[in-house]
Amino acid sequence: MTSTTFTSFDHRMMARALQLAERGRYTTKPNPMVGCVLVKDETIVGEGWHQRAGGPHAEIEALKAAGDAARSATAYLTLEPCAHTGRTGPCADALVEAGVTKVVAAMRDPFPQVAGAGFEKLRASGIEVADGLMEAQARVLNRAFFSRIERGRPWLRVKLGVSLDGRTALANGDSKWITSAESREDVHHWRARCGALLTGAGTVLADDPHLTVRLQDKTDFIPPIRVVLDPGLATVARGNVRQGDVPTLYFHAPDAKPPRDIPLQRHPVPVTRGMLDLKEVLEELGRREINEVQVETGATLAGAFLHAGLVDELLIYVAPVLLGDKARPMFDGLDINTMTDALKLKLVDARQIGPDSRLLFQPEVA
């Protein structure tokens, strides 16, 4: 990170670039969201964002919009430009060829094939480079991509619909519907961000979920794969989670016997204390270029992810109803016996969704 002092104008342009980047939140995976604003004499001459994985990057879209006006312009980028050839050519080279004279970037790209090489290309061509402007905001925007690249596993969010007294279902398992239609529609937008939707065998047997994205507003998105944790492959003949064109991946115990007559995408993982190795599950999803996972399951598996320290976010929809002490809890198996063992959370976002309250929490890091 450079020690450049950024102006209020610089901040406004980067804020605009971040706004543009977020437009790709449903369609860029497994790539990061990136925005670009080209400015000359404090006037925007071109802007763009990475619209879809495999398509032109943000810089290319902005350069196309600017045309000849890109020469001698300053480029505001939410992420270091790529320096390698993947499905598209190097954006650093495109900026050099267009005659851009300065690049202001929010942050360095940790992707190994970039990781500073983009900045080096620019500087070697005489382009001034300043980075670190609104880096915190840029990191939040692409937290899922950075999770996969830096930690080797996806960003994990557990979604729960609960009553005001923290219950997820009646004692008989009935949970339809605790939350409102507005909340259920909102969940589909969160699903659309993900690379995978994950559940357990118990939820498949009890609820037969679809685990698909169904958006009433017809927003474009890349469908997330469906993931089922099923140690004994007991649910592979169940209906909804295997319907349609979206792939379903089963994680199972090494000794599980897959059925011969049902084609499966599957991956064995070790079993520890009767539970599939959840860390290995996430690492395998990372190897499959999954940036973000949303867990929609019962108290046992949700509690297991939380107990293992693998939860990055809790997305909780709280309905203004009471279900009583016989109803099912949010989490099982946390084994908290003293106040010092309590899992502390920080509230990241709170808003009203129809009659419900939507709360987004992240575990506090010790």
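H50 sits in the loop between β2 (43-49) and α2 (58-66), where helices (H or I, at least four residues) and strands (E, at least two) are DSSP runs numbered from the N terminus. This is a predicted model, in which local features need pLDDT of at least 70 and side-chain atom pairs count only at pLDDT 80 or more, while totals for chains, interfaces and linings use all residues. Residues are numbered from 1 along each chain as its sequence is written, and side-chain values use heavy atoms, with hydrogens and water left out.

H50 counts as buried because its relative accessibility is 2% (buried means under 20% relative accessible area, exposed over 50%, partly exposed in between, with a 1.4 Å probe and protein chains only). Its side chain makes a polar contact with the side chain of N31 at 3.1 Å (a pair of N or O atoms within 3.5 Å, one able to donate a hydrogen and the other to accept it; residues adjacent in sequence count only if both atoms are side-chain atoms).

The lining of the largest pocket divides into 18 nonpolar, 18 polar and 11 charged residues (Ala, Val, Leu, Ile, Met, Phe, Trp, Tyr, Cys and Pro count as nonpolar, Asp, Glu, Lys and Arg as charged, and the others, Gly among them, as polar). To this lining α7 gives the most, with 7 residues; a pocket is an open set of points on a 1 Å grid over the protein atoms alone, where a 1.4 Å probe fits, with protein on both sides within 12 Å along at least five of seven lines, and lining residues have an atom within 4 Å of a point.
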